[in-house]
Amino acid sequence: MDKLVIRGGEPLLGTIRISGAKNAALPCMAAALLTDEPVILENIPQVRDIETTRKLLAAMGAEVELGFGRAQHRTTICAKNLSDPEASYELVKTMRASTLVLGPLVARCGRARVSLPGGCAIGARPIDLHIKGLEQLGAKITQDHGYIEASADRLIGGEIVFDKITVTGTEDLLMAATLADGETIMQNCAREPEVADLADLLNKMGAKIEGAGTSTIKIKGVSKLRGAKHAIIPDRIEAGTFIIAGALTGGDIKVNGCDPGHLAVLLQKLNEAGVKTKQTADSVRVMGDNPLKAADITTEEYPGFPTDMQAQYMALVTQAEGTSIITENIFENRFMHAQELARMGANIQLDGRQAIVAGPAHLSGAQVIASDLRASASLVLAALAASGETMIDRVYHIDRGYEKIEAKLAGAGARIRRIE
Ligand code: UD1
């Protein structure tokens with residue numbers, strides 16, 4: 001298993017380029033199941049979850065071509081023959097977002113068999129809302145041997161009000177409704193930019209969707225969708241992670257190719273914490289020479305503070321003067337990074353859904369273990385600010401969602417290397 005070795009204390013300087021958003025690329029790849037024509041996706045990040053999705057789609061009979069060389073961020077998916085509309089436990093257990101194929105498969109093939117995801121390191125993460133929504137569109141759902149089986153001759157448009165806001169749930173049902181007979185109105189939808197990006201692709205494929213990116217989405221069902229070409233939006237979580245890296249190391253970096261509009265709450269909070277940033281239309285420069293001040297956050301659905309930035313923010317405020325209270329509202333059990341940060345010297349008390357971080361604490365390099373994708377990013381950040389050497393084990397978690405993180409950080413002056 002690979003490990004990352006980081007020697008802290010170097011300010012990050014220069015520029016870092018942001019990749020395409022993993023969380024937009026995954027539903028867009030699933031959307032290719034809705035048509036028998038090729039879908040070409042540009043700005044696909046080279047991360048492990050994309051490879052998992054390729055395997056998932058290929059196992060169903062789709063042809064998935066990942067580009068090489070100058071075309072390395074392009075993928076072409078042709079789902080002309082879907083011989084086996086199934087997502088196996090082997091793949092779903094490594095990536096919960098595999099459940100995104102459920103809606104497109106029932107809509108296109110009239111049947112789907114998808115493994116239940118089971119427990120997840122950051123909490124229970126059920127898919128009951130995906131299932132309830134599909135039933136409202138007329139699908140018959142049964143559960144057997146750990147698998148969900150869904151079937152429908154043709155889905156029928158309907159009214160869906162989500163009991164709770166769910167990102168992939170919104171995306172799954174949005175895709176299903178594009179091929180349903182009649183109009184679907186979905187309320188209490190997730191407003192994440194990744195939902196809007198998926199809707200952009202679907203509309204290019206011939207879908208009739210209005211309101212994606214707001215809490216009410218209207219979909220007029222069509223009988224067929226066609227191929228399309230689409231470029232994935234930049235990854236706001238990757239951008240946020242590097243912005244915090246700049247602030248934590250007292251560096252001066254320009255995070256290029258991002259959309260600062262998607263980072264509004266984070267940038268506002270960083271400003272409150274004493275971090276100086278400057279934006280253009282597609283970049284954020286962070287000038288980390290100010291002393292950091294404590295500032296509280298509460299994670300919320302978009303446009304609130306993203307749960308996917310909570311761990312990285314915790315690493316930042318270990319270095320801020322005063323006490324910061326971090327409240328995690330989206331997932332239970334998403335503080336696994338706290339114990340590892342504490343092993344590096346951070347002063348963190350956990351109390352249910354709250355973490356109380358007192359700073360500034362002297363961080364020193366240690367051997368730590370990555371427990372999930374964003375938790376591992378917070379350990380990388382802490383290691384960049386720590387004295388001495390940190391070795392991070394189980395970096396396969398970070399490879400799920402960050403493209404060549406060590407190369408990007410090393411390009412800005414970090415002393416980081418990967419060992420086997
Ligand atoms: C997506 C993101 C993930 C991010 C999360 C919250 C992708 C591929 N992943 O995950 O990075 O951390 O949004 O922003 O886009 N819930 C239910 N029933 C359901 C579905 C969800 O109770 O059927 C609950 C979950 O347990 C959780 C909350 O709703 O407490 C939000 O989950 P959801 O938005 O569905 O997260 P994901 O879409 O899995």
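These notebook entries record what I looked up in a predicted model.

**Ground rules**

I number residues from 1 along each chain as its sequence is written, and I keep to heavy atoms for side-chain values, with hydrogens and water left out. Since the model is predicted, local features need pLDDT of at least 70 and side-chain atom pairs count only at pLDDT 80 or more, whereas totals for chains, interfaces and linings use all residues.

**Entry: the ligand**

The shell has 19 residues, of which Asp128, Thr166, Thr168, Asp308 and Ile330 come nearest. Sorted by class, the shell holds eight nonpolar, five polar and six charged residues; here Ala, Val, Leu, Ile, Met, Phe, Trp, Tyr, Cys and Pro count as nonpolar, Asp, Glu, Lys and Arg as charged, and the others, Gly among them, as polar.

I then looked up polar contacts, meaning pairs of N or O atoms within 3.5 Å; within protein, one atom must be able to donate a hydrogen and the other to accept it, and residues adjacent in sequence count only if both atoms are side-chain atoms. A polar side-chain atom of Asp308 lies 2.6 Å from an oxygen atom of the ligand, and a side-chain N or O atom of Asn23 is 3.0 Å from a ligand oxygen. On its own the ligand has 740 Å² of accessible area, and the protein covers 89% of that; the areas come from the Shrake-Rupley method with a 1.4 Å probe, and for residues only the protein chains shown count as cover.

Which elements give two or more residues to the shell around the ligand? I noted α5 (128-136) and α6 (167-178), and α5 gives the most, with three residues. Helices (H or I, at least four residues) and strands (E, at least two) are DSSP runs, numbered from the N terminus.

**Entry: cysteines**

My search of the whole structure for disulfides, defined as pairs of cysteine sulfur atoms within 2.5 Å, gave zero.

Cys28 is buried at 0% relative accessibility, and Cys258 is buried at 3%.

**Entry: salt bridges**

I count a salt bridge where a side-chain nitrogen of Lys or Arg is within 4 Å of a carboxyl oxygen of Asp or Glu, and the structure holds 21 of them. One joins Asp36 and Lys224, at 3.4 Å from N to O. This pair links distant parts of the chain, 188 residues apart, with Asp36 in the loop between α1 (22-31) and β3 (39-42) and Lys224 in the loop between β13 (216-220) and β14 (228-231). Asp36 is partly exposed at 29%, while Lys224 is exposed at 54%.

I have Arg418 as partly exposed at 28% and Glu406 as buried at 18%. Asp2, Asp399, Glu406 and Arg418 are linked in a network of salt bridges.

**Entry: backbone**

Most residues other than glycine have a negative phi, and most peptide bonds are trans. I noted a cis bond from Tyr302 to Pro303, with omega near 10 degrees, and Pro303 lies in the loop between β18 (297-298) and α10 (310-317). The bond from Gly359 to Pro360 is also cis, with omega near -5 degrees, and Pro360 lies in the loop between β21 (354-359) and β22 (367-369).

Asn43 has a positive phi, near 60 degrees, and is found in the loop between β3 and α2 (48-59). Asn333 likewise has phi near 60 degrees, in the loop between β19 (322-327) and α11 (336-343), and is partly exposed at 48%.

Notes. A residue is near a molecule or strand if one of its heavy atoms lies within 4 Å of it. Buried means under 20% relative accessible area, exposed over 50%, partly exposed in between (1.4 Å probe, protein chains only).
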